[in-house]
Amino acid sequence: MSTTPFGALACPLDGDPLGKSDRVWRCAAGHSFDIARQGHVNLLPVQNKRSRDPGDSKEMVTARRRFLEAGHYQPIAEAVSRAVLADAPAGASLSCLDAGCGEGYYLRELARACEEAVGDERSLALLGVDISKWAILAAAKQWKGATWAVGTNAHLPVQANSLDRVLCLFGFPVYPEFARVLKPGGELLQVDAGPDHLRELREIIYPTLKPPRADDEKLPEGFTLLGSETLRESIELSGPEPIADLLAMTPHLHRASAEGRARVASLTSLRLTVDVRLTRWKPEDVA
């Protein structure tokens, strides 16, 4: 099974298809977006930014890269890869977006799973979009096998009905946009933290834990549930470095008090529960 970059991008200013020529993506109206030396493109207009430097910081991206490359979330990556490839017919060409891709770990793991599928004649075109310029820069530096674009899930720079799979992993889902870009018969794969996810870390940081939210099983508008599964693992972090990286890559770094951060900094090992739910959705048929 082979992987290639995804090419059905859309102009973030007018929504028209973008065409690639040399080192530039350009629409029919003449809006142009240069491809950076590292290979990525910035498709986030200033009017779509809520801050000067939105998304994860350079430090958060670096910490997440170290933590993920150490293999701590490998079972999640494997489950996502299986779900992407499930039910895809032989010889199919699939297009896949990671919406909020960070530094590209899950797309790289998906590509690795494809390469290991010896004799599989299917192909996969990959696109990673993230609002953080630091995340996309890191992704483009590490691997050239996907298209990498700075952009926002609220206004995806992707042509309508052009994707077979959309991934939203620990991210911010924008269901109307996901429905717009998915092909009929396509799927949204969503990974969210469960009630016990990183519980041991949270117990150290906070005086008390909030009760888990009630699971009302509310369907996102425009989608039908295909199925879900819970992934639960126990991982061991040895040494202060991976513990510090975990804290730095999560929102808990900014939510915790100085005392809570100090308690984490004093640790030399930590056993953690990984508790996530992987849900598969399909867009409802539009008459």
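Modeller: Here is a short exchange on salt bridges and surface charge. This is a predicted model, where local features need pLDDT of at least 70, side-chain atom pairs count only at pLDDT 80 or more, and totals for chains, interfaces and linings use all residues. Residues are numbered from 1 along each chain as its sequence is written, and side-chain values use heavy atoms, with hydrogens and water left out.

Biologist: How many salt bridges are there?

Modeller: A salt bridge is a side-chain nitrogen of Lys or Arg within 4 Å of a carboxyl oxygen of Asp or Glu. By this rule, the count is 14.

Biologist: Is Glu109, the salt-bridge partner of Arg112, buried or exposed?

Modeller: The two side chains meet at 2.8 Å, N to O. Arg112 and Glu109 lie 3 residues apart in helix α3 (residues 105-116), about one helical turn. Buried means under 20% relative accessible area, exposed over 50%, partly exposed in between (1.4 Å probe, protein chains only). Glu109 has 14% relative accessibility, so the residue counts as buried.

Biologist: Which residue forms a salt bridge with Arg271?

Modeller: The closest N and O atoms are 3.1 Å apart in the pair of Arg271 and Glu236. The pair links distant parts of the chain, 35 residues apart: Arg271 is in strand β12 (residues 269-283), Glu236 in strand β11 (residues 223-238). Helices (H or I, at least four residues) and strands (E, at least two) are DSSP runs, numbered from the N terminus. The partner of Arg271 is Glu236.
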